[in-house]
Amino acid sequence: GASVTLICAGVDGLLGTADDVEVASVIADPDYLFEDVLSGACEIVIDLSTVDGDLIQTVDPDGTGDSRTVVTVVAGKTVSRLDFGYALPHDLAITKSGPGSVSSGATVPWTITLTHQGQGLAPSPIANTDNLPASLALVSTEADGWSCATVGQTLTCTRDSDLDAGESTTIELITRLAPGTTRVANEAIVTSADPDNDADQSNNRDSDTVTVAGGVLAFTGAE
């Protein structure tokens with residue numbers, strides 16, 4: 001486990017001055033506990049040299065992400081659940097593919113594939129957003145393990161379970177092209193519950209182009 005140190009203000013009552021006192025250091029496994037601490041201003045500090053170098057911080061009690069937090073200790077009261085969290089970075093990647101070409105007036109199927117290319121877990125909820133242009137009407141959606149809903153032209157599918165490293169999942173769409181359409185642009189994006197822990201956000205969106213006899217039909221996804 002990681003080494004956790006409690007530093008408290010000295011006689012001047014101020015943290016960050018020369019008389020600060022290192023009260024104790026403990027190993028978090030995974031919890032940590034400091035007992036019989038005198039009242040006053042203290043700081044909890046994680047020794048990053050004891051944290052696996054492949055991990056990145058995902059939880060910080062004060063939201064700063066600096067592996068330390070200030071706490072005021074009051075006599076007779078317990079301060080609980082000052083949690084720090086570290087996790088392996090994940091990497092969600094999305095690809096969107098269509099049939100390449102279709103006949104005029106045909107429906108257009110799309111396959112969205114989401115793959116966890118990183119380490120650890122890609123945390124849920126995981127959301128896939130597909131902003132369909134006005135020239136594409138959604139006919140149906142098939143997405144095992146996902147809950148999908150449409151508001152206007154925006155289709156959002158949500159997965160309420162984590163995605164393991166190396167795991168893939170698909171969403172199948174059937175759309176219908178509006179008469180007279182020659183080319184449309186559309187974006188498909190995937191995000192996890194912790195997008196800041198996604199190691200490569202450049203592959204969180206993708207595109208594809210489909211042509212129709214007599215012209216260009218549809219561009220779906222995002223370039």
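The following questions and answers examine how terms are applied to a predicted model.

Q: Why is Thr69 called buried?
A: A residue is buried when its relative accessible area is under 20%. Thr69 has a relative accessible area of 4%, so Thr69 is buried. This residue lies in strand β5, which covers residues 68-73.

Q: What makes Asp62 a polar contact of Thr69?
A: A polar contact requires a pair of N or O atoms within 3.5 Å, one able to donate a hydrogen and the other to accept it. The side chains of Thr69 and Asp62 make such a contact at 3.4 Å.

Q: Which residues is Thr69 in contact with, leaving aside its neighbours within four places in sequence?
A: Contact is a matter of heavy atoms within 4.5 Å. With those neighbours left aside, Thr69 is in contact with Cys42, Glu43, Ile44, Pro61, Asp62 and Phe84.

Q: How do the side chains along β5 alternate?
A: Thr69, Val71 and Val73 point to one face and are buried.

Q: What makes β3 and β5 a pair of strands?
A: Two strands pair if at least two bridges are found between them. Six bridges join β3 to β5, and the two run antiparallel. Within this region, Gly40 stands opposite Val73 in β5.

Q: How do you know that Cys8 and Cys42 form a disulfide?
A: The criterion is a pair of cysteine sulfur atoms within 2.5 Å. For Cys8 and Cys42 the S to S distance is 2.0 Å, and a disulfide joins them. In general, a disulfide is a covalent bond between the sulfur atoms of two cysteines.

Q: Which parts does the pair of Cys8 and Cys42 tie together?
A: Cys8 lies in strand β1 (residues 3-8) and Cys42 in strand β3 (residues 40-47), so the pair ties together parts that are 34 residues apart in sequence. The link is right-handed, with 100° about the S-S bond.

Q: Are Cys8 and Cys42 buried or exposed?
A: The limit for a buried residue is under 20%. Cys8 has a relative accessible area of 8% and is therefore buried. Cys42, at 0% relative accessibility, also counts as buried.

Q: How many disulfides does the structure hold, and how are the bonded cysteines paired?
A: The structure holds two disulfides. With the bonded cysteines numbered in sequence order, the pairing is 1-2, 3-4.

Q: What makes Cys148 and Cys157 a disulfide?
A: Their sulfur atoms are 2.1 Å apart, and the cut-off is 2.5 Å. This link is right-handed, with 110° about the S-S bond.

Q: Why is Cys148 called partly exposed?
A: Partly exposed residues fall between the buried limit, under 20%, and the exposed limit, over 50%. At 34% relative accessibility, Cys148 therefore counts as partly exposed.

Q: Why is Gly166 called exposed?
A: Exposed means over 50% relative accessible area. Gly166 is at 60% relative accessibility and so counts as exposed. This glycine is found in the loop between β15 (163-164) and β16.

Q: Why are β7 and β12 said to stand at the edges?
A: They belong to an open sheet of four strands with the order β7-β9-β16-β12 and antiparallel pairing. β7 and β12 (136-142) each have a single partner strand, so one side of each is left without a neighbour in the sheet. The twist averages 25° from one strand to the next.

Q: How do you know that β9 and β16 pair?
A: Pairing requires at least two bridges. β9 and β16 pair over nine bridges in the antiparallel sense. Here Val108 stands opposite Thr175 in β16.

Q: Which residues touch the most other members of the largest nonpolar core?
A: Of its 23 residues, these are Leu114, Ile126, Trp146 and Ile171. The elements giving two or more residues to this core include β7 (92-97), β9 (107-116) and β16 (168-177). β9 gives the most, with four residues. Apart from this core lies another of 13 residues, among them Leu6, Cys8, Cys42 and Ile44.

Key. Residues are numbered from 1 along each chain as its sequence is written. This is a predicted model: local features need pLDDT of at least 70, side-chain atom pairs count only at pLDDT 80 or more; totals for chains, interfaces and linings use all residues. Side-chain values use heavy atoms; hydrogens and water are left out. Buried means under 20% relative accessible area, exposed over 50%, partly exposed in between (1.4 Å probe, protein chains only). A nonpolar core is a set of buried Ala, Val, Leu, Ile, Met, Phe, Trp, Tyr and Cys residues joined through side-chain atoms within 4.5 Å. Axes are lines fitted to C-alpha atoms, for helices over the stretch in contact, and angles run from 0 to 180 degrees between N-to-C directions.
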